[in-house]
Amino acid sequence: MKKVNFQILSFFYCFLLFAGITVPDAKAQKYEIGGGLGTTAYTGDILRNIDLDHLGLHGTLFGKRNFDNVWTLRVGITAGTIRATDSVRPLDLAAQRRDARFRGGMIEGSAVMEFNFLDFLRNDSEFFWSPYAFFGIGYTHFFLKGNTYAFNPSERYNLGTVVIPFGGGVKYRLNDRWTLAMEAGIRATFTDFIDRIDSSSPPIPRFQDPNNPDQPYGINFGNPYDKDWYYFLSLTISYTIQSTKCYAY
């Protein structure tokens with residue numbers, strides 16, 4: 001419980017640092033609200049690479065504050081689904097016998113800084129689009145159901161973790177009010193338990209005992225040096241509340 005409280009406090013502390021960023025020219029601020037839809041993916045002890053057969057869905061709502069033509073603060077909340085199973089594309093025979101699986105939902109709150117590579121926000125700009133990168137901090141709560149071995153019943157479990165969001169995308173300004181964006185985001189987590197498989201689980205013998213044919217075999221423990229990750233691919237649209245776009249550097 002203390003660990004969860006520390007993660008939550010860390011998230012809000014960093015959020016306040018982001019929100020407290022100021023620039024000398026107050027007139028250079030512009031606000032946007034928006035939302036989007038997309039797909040979700042996971043990698044960990046069940047899937048080592050992104051698998052198109054294990055995609056989930058997510059939706060997001062956000063608000064933005066543009067400080068100038070380059071830097072933008074985005075605060076948002078995202079809800080989505082996530083899943084994985086050994087049976088679809090097992091890593092090896094041991095993973096096939098293990099037959100671990102999980103599925104469920106998650107809610108993420110995050111604050112990120114976006115860096116626009118092109119000056120596309122001004123009305124007189126020659127650019128109507130710009131690639132961008134982002135980096136920030138967030139907190140995610142998972143509510144899941146799964147099992148770590150084929151003979152174990154599926155159980156519900158919950159966990160929360162601080163996450164480090166980063167990634168990039170492309171923005172396109174449809175007009176003075178509307179902006180369309182395509183974004184690929186990566187979330188580095190501080191947990192190895194999204195798939196309910198971590199290094200604290202008691203190991204199951206890798207090879208079957210010939211004197212006990214009913215003894216299960218395989219592996220049910222995770223890599224203690226590798227945390228779980230998840231990913232978003234999103235299409236978003238935002239609406240500009242304040243139309244002033246003459247920024248001073």
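**Reading the model**

Modeller: Start with one residue. Aspartate 68 sits in the loop between strand 2 and strand 3. Keep in mind that this is a predicted model.

Biologist: Is aspartate 68 buried or exposed?

Modeller: Look at relative accessibility. Under 20% is called buried. Aspartate 68 has 14% relative accessibility, so it counts as buried.

Biologist: How far apart are aspartate 68 and lysine 30, in sequence and in space?

Modeller: They are 38 residues apart in sequence. In space they are 8.3 Å apart, C-alpha to C-alpha.

Biologist: Now another loop residue. Where is aspartate 53 found?

Modeller: Aspartate 53 is in the loop between strand 1 (30–43) and strand 2. Its relative accessibility is 39%, so it counts as partly exposed.

Biologist: What does aspartate 53 touch?

Modeller: Leave out residues up to four places away in sequence. Then aspartate 53 touches Arg83, Val88 and Arg89. Take arginine 83: it is 30 residues from aspartate 53 in sequence, and 9.8 Å away in space, C-alpha to C-alpha.

Biologist: Let us step back. How many helices and strands does the protein chain have?

Modeller: The chain has two helices and eight strands. Along the sequence they run α-β-β-β-α-β-β-β-β-β.

Biologist: What percentage of the residues is buried, and what do the contacts join?

Modeller: Buried residues are 47% of the 249 in the chain. For contacts, take residues at least 6 apart in sequence. Of those contacts, 70% join residues at least 24 apart.

Biologist: How should I read a nonpolar core?

Modeller: Here is the general idea. In soluble globular proteins, nonpolar side chains tend to be buried together. Now the case here. The largest nonpolar core has 17 residues. Tyr42, Ile46, Phe102, Leu144 and Ile194 have the most contacts inside it.

Biologist: Which elements give two or more residues to this core?

Modeller: They are strand 3 (71–85), strand 4 (101–116), strand 5 (129–147), strand 6 (155–173) and strand 8 (229–240). Strand 6 gives the most, with three residues.

Biologist: Which residues does phenylalanine 102 touch?

Modeller: Again, skip residues up to four places away in sequence. Phenylalanine 102 touches Tyr42, Ile46, Ile82, Arg83, Ala84, Leu144, Lys145, Gly146, Tyr157, Ile194 and Asp195. Another core, of five residues, lies apart from the largest one. Among its residues are Ile137, Tyr139, Val162 and Ile164.

Biologist: And how do I read empty space?

Modeller: Rolling a probe the size of a water molecule over the atoms shows where empty space is left. This structure holds two cavities of 30 Å³ or more.

Biologist: How many residues line the largest cavity, and which lie nearest its centre?

Modeller: It is lined by 18 residues. Thr60, Phe62, Arg74, Thr78 and Glu183 lie nearest the centre. Strand 2 (56–66), strand 3, strand 4, strand 7 (178–189) and strand 8 each give two or more residues to this lining. By class, the lining has five nonpolar, seven polar and six charged residues.

Biologist: What is the volume of the second largest cavity?

Modeller: About 60 Å³. Its lining includes Glu32, Lys64, Glu114, Phe120 and Lys171. Strand 2 and strand 4 are the elements that give two or more residues to this lining. The classes here are two nonpolar, five polar and four charged.

Biologist: Last topic: aromatic rings. How many aromatic pairs does a search of the whole structure find?

Modeller: The search finds eight. Planes over 60 degrees apart count as edge-to-face. Phenylalanine 142 and tyrosine 230 are such a pair: 5.7 Å centre to centre, with 90° between the planes. Phenylalanine 142 is in strand 5 and tyrosine 230 in strand 8, so the pair ties together parts 88 residues apart in sequence. Phenylalanine 142 counts as buried, at 0% relative accessibility. Tyrosine 230 is also buried, at 0%.

Biologist: What kind of pair do phenylalanine 166 and tryptophan 229 form?

Modeller: An edge-to-face pair, 6.4 Å centre to centre, with 85° between the planes. Phenylalanine 166 lies in strand 6 and tryptophan 229 in strand 8, so parts 63 residues apart in sequence are tied together. Phenylalanine 166 is partly exposed at 27% relative accessibility. Tryptophan 229 is partly exposed at 28%.

Biologist: Which residues form an aromatic cluster?

Modeller: Trp71, Phe115 and Phe117 form one.

Definitions and conventions:
Residues are numbered from 1 along each chain as its sequence is written. This is a predicted model: local features need pLDDT of at least 70, side-chain atom pairs count only at pLDDT 80 or more; totals for chains, interfaces and linings use all residues. Side-chain values use heavy atoms; hydrogens and water are left out. A nonpolar core is a set of buried Ala, Val, Leu, Ile, Met, Phe, Trp, Tyr and Cys residues joined through side-chain atoms within 4.5 Å. Buried means under 20% relative accessible area, exposed over 50%, partly exposed in between (1.4 Å probe, protein chains only). Helices (H or I, at least four residues) and strands (E, at least two) are DSSP runs, numbered from the N terminus. Contact means heavy atoms within 4.5 Å. On a 1 Å grid over the protein atoms alone, a cavity is a set of points where a 1.4 Å probe fits but cannot get out, and a pocket is an open set with protein on both sides within 12 Å along at least five of seven lines; lining residues have an atom within 4 Å of a point. Grid points are joined across faces, edges and corners, and a volume is the space filled by probe spheres set on the points. Ala, Val, Leu, Ile, Met, Phe, Trp, Tyr, Cys and Pro count as nonpolar, Asp, Glu, Lys and Arg as charged, and the others, Gly among them, as polar. Rings of Phe, Tyr and Trp (its six-membered ring) pair if their centres lie within 6.5 Å; planes under 30 degrees apart count as stacked, over 60 as edge-to-face and the rest as tilted.
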